[in-house]
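Good morning, and thank you for coming.

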Amino acid sequence: MRQFAEQELVIPDGPFKGMRFRIDRQPVFGLWFDAVDSGEWNRHVLTAPPQSGKTLGGFVTPTLYHLFELNETVICGVPNMDMAGDKWREDILPVIDQSQYRRLMPVKGGGSRGGRVESIRFLNGATLKFMSGGGGDKSRAGFTARVVGIPETDGMDTPGSSSRE
């Protein structure tokens with residue numbers, strides 16, 4: 001993932017806008033990517049101070065790595081579906097737009113022209129599926145993937161209204 005980040009990603013905003021992602025600007029991400037890639041753990045949690053690059057390094061990079069490098073479907077867990085559109089438009093899409101992977105954007109359907117985003121199927125066959133913390137347990141159980149990224153865990157601790165847990 002370290003190599004993927006440095007070779008493929010361009011920073012979409014902030015003081016390094018338009019420049020390639022570089023580990024030496026935020027060395028902790030080298031350790032983070034190495035830990036994720038080590039295969040020692042099934043779950044990875046990143047906590048860091050505000051404005052430290054958590055979203056780009058801890059959420060967007062692993063999401064894009066799995067979608068485009070591994071051609072693997074990813075579920076993005078969000079507290080509510082209103083946040084799905086924001087995560088797509090503000091965090092994920094700007095990074096895709098500045099990468100070689102913009103050629104894999106769908107030409108029709110979800111994510112192709114804005115609007116409400118729930119599921120985006122890229123031209124490589126991988127899908128980015130947004131799922132909220134609320135709603136029915138059956139709707140969440142109906143879509144499975146090996147990789148789940150949750151950019152904001154606050155609000156994800158509320159069980160679905162029909163949950164018996």
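In what order do the elements of the chain run from the N terminus on? They run α-α-α-β-α-β-β-α-β, and the chain has five helices and four strands. Helices (H or I, at least four residues) and strands (E, at least two) are DSSP runs, numbered from the N terminus.

Two remarks on the source. This is a predicted model, in which local features need pLDDT of at least 70 and side-chain atom pairs count only at pLDDT 80 or more, while totals for chains, interfaces and linings use all residues. Residues are numbered from 1 along each chain as its sequence is written, and side-chain values use heavy atoms, with hydrogens and water left out.

Of the 165 residues of the chain, 41% count as buried (under 20% relative accessible area, with exposed over 50% and partly exposed in between; 1.4 Å probe, protein chains only).

I turn to helix α4. Its 17 residues, 81–97, should span 24 Å at 1.5 Å a residue, and the end C-alpha atoms are 23 Å apart, which agrees; the expected span is 1.5 Å times one less than the number of residues. At W88, α4 bends by about 35°, the bend being the angle between axes fitted to the seven residues ending there and the seven starting there. W88 is also among the buried residues of α4, as are M81, G85 and L93. The cover over the buried residues of α4 includes α3 (54–69), β1 (74–78), β2 (119–121) and β3 (127–132).

How do α3 and α4 pack? Their axes are 11 Å apart, at an angle of about 65°. Here axes are lines fitted to C-alpha atoms, for helices over the stretch in contact, and angles run from 0 to 180 degrees between N-to-C directions. The contact (heavy atoms within 4.5 Å) is made by T55, L56, F59, V60, L64 and F68 of α3 and by K87, D91, I92, V95 and I96 of α4.

Finally, the strands. I120 lies in strand β2 and counts as buried because its relative accessibility is 0%. P106 is 14 residues from I120 in sequence, and the two are 7.5 Å apart in space, C-alpha to C-alpha.

T127, in strand β3, counts as buried at 7% relative accessibility. Leaving aside neighbours within four places in sequence, T127 is in contact with several residues, including I120, L67 and F143.
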